[in-house]
Amino acid sequence: FVEVEVPYSSSSSMEKDDDSISAESLSLHTLASIRSLIINADTSGSVISSVFNFLTGLLSRDDPAILHHVLKLLSDLFVWRKELATQIFDSVLSNLLRLQNFAADASHGRFAVESLALLASLSETNPSIATALSKIDGEGFASICLGAPISSRLWLLRNAERFDVPSSVLLTLFLGFTKDPYPYIRKVALDGLIHTCKAGDFDHAHAVQGCYTRAVELLGDAEDSVRASAARAVSMWGKALVKSKVETKRRECTDAVFLQLCSIVRDMSVDVRVEVFKAFGIIGTASESIILQTLSKKVLGAGKGKKPQSHHSNEPADVSAAAGVFIHGFEDEFYEVREAAVDTFHSLSVNSIEFPDEAVYLLMDMLYDDYTVVRLKALEALHHIADLGNLKIQETYLPAFLDAIVDSSENIRLTARNILKLAKLPDLKLVNKCVDGVLKSLEMYPQDEPAILSALFHFGQNHTKFLVSMVKRFCEKLETATGNKSEFNSRQVSASLMLIISAPLSDKQSITSIPPLAFSYSLAMLGKFSCGLDDMMDQDTLLAYLSHCAILSASSGTEFNKGDIFFHAYRHSNEDLSGNPVLLRSKDIPAESKHMGSKAEVENRNQALKSVNHIVLKIKAAWLLSQSGCSKEAFRALRACKQELQTANSLISNGALEFMCQYVHVIELLAQVWPHFEYSRHTSTCKSVELELLMEEVEIKLMEIRCRITGLSTEVSLEMELVIFGCLLRLYKFENCCRLSCKKKLASTVSQLELHHEQQCTKPSDFLTETKKSLQEIGSNGNINCCRLLDLIKKYNCFSPEQFTLSGDLQCISAELEVPGNGPYSPISFVAGLPVAIPCEIMLLNVPRDTRLWLRIFRSDETCQFVYLDQNLYSGDEREKRFMFSAVTYMTPRALVFTLRVSIGMECLFEDICDRERRYGPKYPVAYLSKEREVHISSVSRT
């Protein structure tokens with residue numbers, strides 16, 4: 001069986017018999033046998049090498065019938081034997097370059113195209129050999145295109161971008177083939193021109209003009225597919241033509257392109273009409289008079305006599321071509337055309353002032369369309385117009401909008417509710433009709449309740465001037481709900497409550513019109529309401545809002561001054577969540593590298609920003625609740641902050657996490673301190689001691705924040721304002737004995753913070769300005785008046801979002817201390833009255849080289865000893881430092897067994913308190929970096 005044995009013969013014998021092989025001798029059976037060897041994984045490498053040499057030898061033959069099969073087998077060989085990719089590529093490419101002179105022949109042209117297809121596949125799967133494809137230059141590619149048969153030419157034009165062909169050559173080829181006698185070639189050539197226009201930046205005005213003119217000519221082609229592609233080409237090259245004009249000529253050129261497309265909007269082909277309306281969206285704009293003319297079949301007075309110069313002929317464009325264009329589109333019998341016409345409203349409404357007002361009635365009519373996709377597009381266009389603030393819903397159009405709210409399609413109901421959030425109705429009658437429609441939708445689709453509650457909340461904020469009427473309408477329903485449990489839990493009541501409680505966020509004075517009963521019922525429905533408002537605030541924030549509103553409503557508005565900060569915070573909470581740059585990268589990172597992050601990194605950063613902002617907002621609510629006397633709610637919100645911080649540890653840096661945890665702890669302590677300032681200035685001894693302990697803990701935590709957190713930027717002002725706030729609290733509440741040192745610390749901190757603002761070029765807060773002014777008024781020896789102190793304390797606002805940058809430079813200084821081998825059953829031996837060495841294994845994290853560290857050794861009888869850690873032990877630049885240290889203590893009592901507690905601390909050198917009389921140990925306050933470790937010591941037993 002000779003034909004099957006050919007592949008098994010040696011490479012030399014194959015090369016020897018190449019000249020004797022003809023198309024007839026290579027039967028299909030033989031080719032199948034060769035292919036079976038290629039795809040068989042058990043075929044040896046020597047046989048595969050022989051097959052490869054045999055096939056590449058056949059490439060030199062000019063028999064087209066053989067070459068077609070050889071290329072197919074080489075393609076299979078590449079698929080199954082990746083290691084031969086480079087050799088196959090080189091063989092096919094060299095043979096193609098040899099045959100370029102014969103490309104004018106149809107058979108050789110087909111072989112050249114098949115070779116190009118194989119080379120393109122090889123280069124795309126092996127980027128290392130892709131550069132070699134550049135040997136086929138633009139001239140060679142053009143000659144292959146011109147010599148290829150129709151089917152092969154079609155493939156070349158569709159795949160031209162896969163080859164490294166200059167844009168100028170492609171432009172010339174595509175432009176020339178737009179005059180091909182075959183319609184499919186003309187269509188593909190037009191599509192190629194569109195792709196070239198998108199990919200390239202053509203500065204040559206004549207080339208752009210030529211492409212645009214040719215596309216306009218093909219708008220009259222006999223083939224529907226060619227005209228559809230021509231409409232796309234007119235829009236793309238028309239936009240490029242407008243860009244190539246001088247500024248004063250661009251508007252006239254845009255109008256001419258727009259009118260050129262209007263001339264074929266009544267084409268008999270559905271595909272052409274669809275592409276024309278899509279092309280309007282690509283152009284995006286035109287003169288106001290032309291756009292208005294598209295909405296009227298009658299030629300308007302503004303358009304009469306105006307004829308922009310056509311840019312493909314010397315004749316002026318006819319403005320009347322735009323008459324009723326969109327009316328024809330909306331009334332088209334095919335839904336694809338109606339969908340495209342409605343979709344175009346998005347882009348045209350952006351740059352037009354009057355157009356949206358004129359278009360609303362047409363879009364409202366489209367809400368009655370039989371096809372869901374058309375109705376959805378109409379609502380999306382209306383939402384786009386509403387988002388620009390141009391939507392005015394009149395009574396005539398309201399029924400169509402209300403029908404959309406109760407539509408059977410979930411997407412349509414969702415989009416209609418989004419429009420409702422932005423709508424502003426002119427009178428109470430329309431408001432009541434709209435609310436009734438929403439309540440009807442709630443009864444029909446109870447699964448939409450959270451989204452409906454959210455829509456009503458936004459709707460209520462936009463219509464606070466009708467609040468009194470809405471309250472009167474629903475008060476009777478709320479009162480009857482008191483004794484009726486089923487009525488109280490009804491969806492109607494919850495929707496009514498949501499509408500009412502939304503008003504104070506936009507107008508706090510309206511709270512006096514709302515009965516306290518409404519806020520009480522709303523607190524009972526907290527879980528349901530928080531689900532609906534999860535895009536605005538979480539449950540704890542909503543609790544804070546409702547609690548505060550209930551207090552203000554019950555107090556007849558006497559506490560509005562206290563509530564101003566609260567309403568301001570929540571009114572701008574969404575702006576803070578969307579626009580405040582909370583998490584910043586290191587300043588050392590170049591600007592261009594910030595754009596190199598992956599999509600996942602950007603999403604993580606956005607998630608971290610949102611998470612931290614929610615926590616900051618919750619801290620605001622907790623502080624305001626504590627000021628209003630709602631201590632339980634405040635502590636509950638702060639506990640929730642701590643829990644959220646633990647879940648956010650994977651999103652923010654360790655330094656930022658530690659800073660936020662310490663900050664929440666400080667606010668929690670201040671919330672415990674605040675009730676002491678709500679009553680008489682003089683308190684009982686017991687409460688005075690409790691207040692002193694709380695204030696000392698606040699000062700310790702603030703000192704730890706300043707010592708242990710490095711890389712603070714705007715957070716420095718946050719921490720120092722808290723120090724100033726603590727000093728004011730002490731001056732107000734405590735006796736004269738501590739006033740001098742406290743006042744000295746206050747003045748020093750104010751000066752430091754003022755210097756910080758000058759260095760950072762930032763504006764001081766009102767709190768700092770007022771405090772400085774008070775210090776200047778009293779001088780160095782005077783005392784601040786108690787009323788003035790209380791005013792300053794209540795003016796303090798420690799929750800400015802701009803102070804929470806939490807940059808990537810934030811790092812937490814910490815330490816770990818271990819006493820290896822020590823425990824209750826393996827104590828360190830000692831002799832009473834003699835020193836004993838404690839072996840310590842120490843790990844320091846982020847500790848600067850100039851830090852003064854001390855080892856604190858503490859005994860149960862309050863005896864304390866400090867041992868200095870030499871800076872040479874941790875002088876390296878590495879972030880984590882480990883070393884052993886033997887601490888010698890002289891505190892060995894006459895006892896058999898005793899325990900010491902050991903910890904590591906750092907001196908806070910910035911503190912004003914300095915004990916210079918102390919001979920040993922730190923002279924400044926110490927912030928501790930590690931947990932205390934117990935050291936068990938036992939007396940040496942006598943034998």
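Rings of Phe, Tyr and Trp count as a pair if their centres lie within 6.5 Å. With that in hand, let us walk through the side-chain interactions of this predicted model.

## Aromatic rings

F258, F277, F280, F326 and F330 form one aromatic cluster. Across the whole structure, a search turns up ten aromatic pairs. The rings of F277 and F326 have centres 5.8 Å apart and planes at 45°, so this pair is tilted.

What about Y335 and Y371: how far apart are the centres of their rings? The centres lie 4.4 Å apart with the planes at 15°, so the pair is stacked. Y335 sits in helix α18, while Y371 is in the loop between α20 (355-366) and α21, so the pair joins parts that are 36 residues apart in sequence. Y335 is partly exposed, with a relative accessible area of 28%, and Y371 is also partly exposed, at 40%.

## Salt bridges

The count of salt bridges comes to 29.

| Salt bridge | Closest N and O atoms |
|---|---|
| R273 with D332 | 2.8 Å |
| R375 with D407 | 3.3 Å |
| E932 with R856 | 3.2 Å |

R273 forms its salt bridge with D332. R273 lies in helix α15 (residues 270-283) and D332 in the loop between α17 (325-330) and α18 (335-343), so this pair ties together parts that are 59 residues apart in sequence. R273 and D332 are both buried.

R375 forms a salt bridge with D407. Here R375 is in helix α21 (residues 372-387) and D407 in the loop between α22 (398-405) and α23 (410-422), so the link is between parts 32 residues apart in sequence. R375 is buried, and so is D407.

E932 forms a salt bridge with R856. This pair links distant parts of the chain, 76 residues apart: E932 is in the loop between β10 (926-928) and β11 (933-939), and R856 is in strand β6 (residues 853-859).

## Charges over rings

Some charged side chains meet aromatic rings. K82 lies over the face of F78, at 4.4 Å from the ring centre. In another case, the charged end of R413 sits over the ring of Y445, 3.7 Å from its centre.

## A look around K297

Where is K297 found? K297 is in the loop between α16 (288-293) and α17, and its relative accessibility of 46% makes it partly exposed. Leaving aside neighbours within four places in sequence, K297 is in contact with A323, G324, I327, H328 and E331. One of these, H328, is 31 residues from K297 in sequence, and their C-alpha atoms are 8.8 Å apart in space. With another, E331, the side chain of K297 makes a polar contact, side chain to side chain, at 3.5 Å.

Note on methods. Residues are numbered from 1 along each chain as its sequence is written. This is a predicted model: local features need pLDDT of at least 70, side-chain atom pairs count only at pLDDT 80 or more; totals for chains, interfaces and linings use all residues. Side-chain values use heavy atoms; hydrogens and water are left out. A salt bridge is a side-chain nitrogen of Lys or Arg within 4 Å of a carboxyl oxygen of Asp or Glu. Helices (H or I, at least four residues) and strands (E, at least two) are DSSP runs, numbered from the N terminus. Buried means under 20% relative accessible area, exposed over 50%, partly exposed in between (1.4 Å probe, protein chains only). Rings of Phe, Tyr and Trp (its six-membered ring) pair if their centres lie within 6.5 Å; planes under 30 degrees apart count as stacked, over 60 as edge-to-face and the rest as tilted. A charge sits over a ring if NZ of Lys or CZ of Arg is within 6 Å of the ring centre and within 35 degrees of the ring normal. Contact means heavy atoms within 4.5 Å. A polar contact is a pair of N or O atoms within 3.5 Å; within protein, one must be able to donate a hydrogen and the other to accept it, and residues adjacent in sequence count only if both atoms are side-chain atoms.
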